[in-house]
Amino acid sequence: MEDWFVQTERVHAGILELAKGNIISVKGLVDEAKRDCRNILYWPEFDEHGNPPPLPTIKTDRIQNIPPDISME
């Protein structure tokens, strides 16, 4: 990863949250963070069933600001 992207404290906190006290999991998560630390930052967002966080909804009061040549379909 680029040096500007790595947020060490957030990655460390993500590893600890994901590992839930399991030292073997910590090692695997550290290895994953070395490959791509974004996974460590994103994975805690999934619920207990493995579902990703919901996508943001479009506020209907902002639809009027969308230019007419952009389709909402």
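The model is predicted. Its mean pLDDT is 80, and 70% of the residues score at least 70. The largest nonpolar core has eight residues. One aromatic pair is present in the structure.

**Confidence**
- Helix H2 (residues 23–35) has the highest confidence, at a mean of 94.
- Helix H4 (residues 60–63) has the lowest, at a mean of 60.

**Nonpolar core**
- The largest nonpolar core consists of Val11, Ile15, Ala19, Leu29, Ala33, Cys37, Ile40 and Leu41.
- Helix H1 (8–19), H2 and helix H3 (37–42) each give two or more residues to this core.
- Isoleucine 15 belongs to this core.
- Leaving out residues up to four places away in sequence, isoleucine 15 touches Val26, Leu29, Val30, Ala33 and Ile40.

**Glutamate 32**
- Glutamate 32 sits in helix H2.
- Its relative accessibility is 13%, so glutamate 32 falls under the 20% cut-off and counts as buried.
- Beyond its neighbours within four places in sequence, glutamate 32 contacts Cys37, Asn39, Ile40 and Trp43.
- Two of these contacts, Cys37 and Ile40, are also members of the largest nonpolar core.

**Aromatic pair**
- Tyrosine 42 pairs with phenylalanine 46, with ring centres 5.1 Å apart.
- Tyrosine 42 is partly exposed, at 40% relative accessible area.
- Phenylalanine 46 is also partly exposed, at 29%.

Note on methods: Residues numbered from 1 in each chain as written. Predicted model: local features only at pLDDT ≥ 70, side-chain atom pairs only at ≥ 80, totals over all residues. Heavy atoms only, no water. Phe/Tyr/Trp six-rings, centres within 6.5 Å; stacked < 30°, edge-to-face > 60°. Buried < 20%, exposed > 50% of the residue type's maximum accessible area, 1.4 Å probe, protein only. pLDDT = per-residue confidence, 0-100. Helix = DSSP H or I, 4+ residues; strand = E, 2+ residues; numbered from the N terminus. Contact = heavy atoms within 4.5 Å. Core = buried A, V, L, I, M, F, W, Y, C linked by side-chain atoms within 4.5 Å.
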